[in-house]
Amino acid sequence: MKNINMLDCTLRDGGYITKWQFSDSVIKGLLHNLTDAGLEFIECGYLNNKPREEGSAIFQNIEQIGSFLPVDRKQALYLAMADVNQFHPEDITPYTGNSIDGIRVVFYKHQVKEALNLCKAVLENSYKLFVQPMVTIDYTIQEYASLSEKIADLNPFGVAIVDSFGYMNKDAFRTYFMVLDNILPASSMIGFHSHNNMDLAFSNAQDVLDYKTKRSLVIDCSLSGMGRGAGNLNTELITNYFNLTFSPRYDTELILDTLDQYIMPIRQKKIWGYSPYLFLTGLYHCHPNFACYLLEKHTISIPQFRKYLQSIPEDMKTKCRPEYVESLYQQLITKEDMRYDKPKDSSDRLA
């Protein structure tokens, strides 16, 4: 099973829980331990051209990441994510070998042109290019094939199928995989990034491990599934499953010790993971922040939240801003009795 790889994205996707504040010592400790535990790919955080705050996994430039990386990198490759709105082609500095190895370019469907320009800059500066089209299921098969052809022309290191809203099942993953598998160069990896809104991340990952393919695959995961709302596939679960199903490769004890040392203190104060509210956002194909933003300010029953989601226009289901979430809520409470008292403490809320 040399063609299966794991990518830990705790510092990046898990950053939604802490607003990317981990402390410099935690960032360094996580990167060192995950390297020693045998993870093939480790995402260090976001790239953003604004000044970096101390203890943040959002880095102003590529060079800032270098001081956090282990001297002995073992087999690990280090990545950072670049959003087309936050990091631009002119912000990328040439690869030196002293910092990250690759950049994951993330974008929405309406940002393809900007994304392709950023991808070209990544390659021109000699980094490994990973392409992350968010909300993959938003694309029709024809649209996804067209996008894949454009990406294939760049000969990327990897392209991910991204279940941003956590409602893709194994058949959907396989359908989009076949598109990529038929179009991408044989050298390009195919990645899988899942969210746990409908508690499908682990079962989908197990299905991916059963794919009959000669192509290299990479599965995203995070410690304790740490990530916005319902979170991600758990690093400790999928690496242990790999060890038991195929052959021992990952140090499960070190992964669990790392989780205990760095993530459990956060988990005692913050909430993430499956909830029926996030299940409903998946069921109605809505952005999970409709639950996150609304429950931050209001208490609403599950039946009422279902009515709320049903009222969202189709073209707004993936466009989630706090102002819109509140405006829609206020419109509904004028029509029916939906108002409850504001939560008294964070335990009533959804992180």
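This is a predicted model: local features need pLDDT of at least 70, side-chain atom pairs count only at pLDDT 80 or more; totals for chains, interfaces and linings use all residues.

Phe 157 counts as partly exposed, because its relative accessibility is 27%, and by that term we mean a value between the two limits of under 20% for buried and over 50% for exposed, with a 1.4 Å probe and protein chains only. Residues are numbered from 1 along each chain as its sequence is written, and side-chain values use heavy atoms, with hydrogens and water left out.

Let me turn to a residue that is paired with Phe 157. Phe 130 is buried, because its relative accessible area is 3%. The ring centres of Phe 130 and Phe 157 are 5.3 Å apart and the planes stand at 50 degrees, so this pair is tilted; rings of Phe, Tyr and Trp (its six-membered ring) pair if their centres lie within 6.5 Å, and planes under 30 degrees apart count as stacked, over 60 as edge-to-face and the rest as tilted. The pair links distant parts of the chain, since Phe 130 sits in strand E6 and Phe 157 in the loop between helix H6 (141-152) and strand E7 (158-162), 27 residues apart. Helices (H or I, at least four residues) and strands (E, at least two) are DSSP runs, numbered from the N terminus.

How many aromatic pairs does the structure hold? It holds 20 aromatic pairs. In one of them, the rings of Phe 41 and Phe 130 have centres 5.7 Å apart and planes at 75 degrees, so that pair is edge-to-face. Because Phe 41 lies in strand E2 (residues 41-47) and Phe 130 in strand E6 (residues 128-133), the pair ties together parts that are 89 residues apart in sequence. Phe 41 counts as buried, because its relative accessibility is 3%. Elsewhere, Tyr 277, Phe 290, Phe 305, Tyr 308 and Tyr 324 form one aromatic cluster.

Finally, a look at one proline. Pro 185 is found in the loop between helix H7 (170-183) and strand E8 (189-193), and Pro 185 is partly exposed, because its relative accessible area is 23%. From C-alpha to C-alpha, Pro 185 and Leu 309 are 40 Å apart in space, and 124 residues apart in sequence.
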